[in-house]
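Please read the report below next to the sequence and the model.

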Amino acid sequence: MPTNTYRASARDRELRQLDRSKPAHVRRNPRQKQLRRVKKVKIWLAAVLLVPLGLITALTLSEMLWRALTRSAFWRTEEFIFFTAGGLTWGAAYLAGCRPIRAYVFGHEMSHLVVARLFGGKIFDWKVSAQGGYVETNKTNTWITLAPYLLPFYSLIVLALFGMAGIVWPLQKTHILQLGSLMFGVKTVWLFYLMLGFTWFFHATFTTKTVMAEQSDLERNGEFFSLLLIFLINVLLLVALFLAASPSPGLGLAELGRCWMGTADGLVQFFTGNW
């Protein structure tokens with residue numbers, strides 16, 4: 001895997017290098033002490049909050065998806081068929097040796113850059129290559145450093161493009177195409193579902209591969225906290241996609257909330273011995 005990193009401004013990097021150049025004072029240095037305190041808080045936050053939230057939400061999504069597939073024939077809907085087809089297309093391309101590393105690095109660094117700008121950061125330099133990349137900014141926080149793992153960059157582009165196209169073009173309209181003596185109907189929205197599935201699984205594949213490598217983005221916030229936050233946010237994004245494609249009003253937001261509370265109650269009873 002190439003090396004991808006968000007990095008602080010040159011001034012901040014010089015200060016950190018100066019800290020490291022004085023080993024006798026590193027543990028007493030206010031900057032280092034503050035960083036250690038923040039990491040400890042994040043470890044506790046991950047253990048107390050992110051673990052149960054991630055587990056409950058993942059189990060809830062699994063239950064809702066199972067009910068949709070078995071009771072509402074979700075597997076026969078356009079959304080499921082073409083989203084899955086897009087994912088399988090990416091899987092086939094990946095297994096065939098397709099490794100668009102430069103495209104992934106571009107999306108990775110652009111995620112850092114865009115989120116840094118949203119938080120008011122200035123961008124001093126950035127680089128993208130097949131060997132890796134970086135973004136240099138004067139702003140740092142958890143969302144900036146973990147942005148590429150939390151946001152499916154190319155899926156968001158697909159959503160934006162088709163969202164704008166839908167304003168002026170009827171995406172759900174059936175268009176009749178003729179191929180020789182064969183005539184069949186197609187919808188533009190099928191391409192949307194296909195590309196969304198393709199880009200989502202692209203994001204999932206490279207996110208998994210990248211977090212398995214020791215990336216500085218994860219170390220900056222503590223790997224335990226980072227991995228749990230990445231897992232939770234990506235599960236929440238899948239929940240949002242499921243709700244948008246829900247085949248039945250009975251599997252909407254209200255039912256999701258009821259199911260989530262039921263799962264939480266069940267886990268509490270299980271771990272307290274009242275099962």
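Rings of Phe, Tyr and Trp (its six-membered ring) pair if their centres lie within 6.5 Å; planes under 30 degrees apart count as stacked, over 60 as edge-to-face and the rest as tilted. By this rule the whole structure holds 17 aromatic pairs. One of them joins Phe 74 and Phe 80, a tilted pair at 5.5 Å centre to centre with 55° between the planes.

This is a predicted model, in which local features need pLDDT of at least 70 and side-chain atom pairs count only at pLDDT 80 or more, while totals for chains, interfaces and linings use all residues. Residues are numbered from 1 along each chain as its sequence is written, and side-chain values use heavy atoms, with hydrogens and water left out.

**The chain as a whole**

The chain has 10 helices and five strands; helices (H or I, at least four residues) and strands (E, at least two) are DSSP runs, numbered from the N terminus. Of its 275 residues, 37% count as buried. Buried means under 20% relative accessible area, exposed over 50%, and partly exposed in between (1.4 Å probe, protein chains only). A contact means heavy atoms within 4.5 Å. Among contacts between residues at least 6 apart in sequence, 71% join residues at least 24 apart.

**Aromatic rings**

Phe 74 is buried because its relative accessibility is 6%, whereas Phe 80 is partly exposed at 25%. The rings of Phe 106 and Trp 126 are also tilted, because their centres are 6.4 Å apart and their planes stand at 50°. Phe 106 belongs to helix H4 (residues 101–118) and Trp 126 to strand S2 (residues 123–129), so this pair ties together parts 20 residues apart in sequence. Phe 106 is partly exposed, with a relative accessible area of 33%, and Trp 126 is partly exposed at 39%. Both residues are members of one aromatic cluster, which also includes Trp 90, Tyr 94 and Phe 198.

A charge sits over a ring if NZ of Lys or CZ of Arg is within 6 Å of the ring centre and within 35 degrees of the ring normal. Two such cases are listed here.

| Charged residue | Ring | Distance from the ring centre |
|---|---|---|
| Arg 76 | Trp 75 | 5.9 Å |
| Arg 99 | Tyr 94 | 3.6 Å |

On a 1 Å grid over the protein atoms alone, a cavity is a set of points where a 1.4 Å probe fits but cannot get out, and a pocket is an open set with protein on both sides within 12 Å along at least five of seven lines; lining residues have an atom within 4 Å of a point. Grid points are joined across faces, edges and corners, and a volume is the space filled by probe spheres set on the points.

The largest pocket has a volume of about 780 Å³. It is lined by 30 residues, and Phe 83 and Trp 200 are among the closest to its centre. H7 gives the largest share of this lining, 10 residues.

The structure holds one cavity of 30 Å³ or more. The largest cavity has a volume of about 90 Å³. Of its 14 lining residues, those closest to the centre include Tyr 104 and His 203.

**A buried threonine**

Thr 263 lies in helix H10 (residues 253–271). Thr 263 counts as buried because its relative accessible area is 12%. Leaving out residues up to four places away in sequence, Thr 263 touches Ile 56, Leu 59, Thr 60 and Glu 63.
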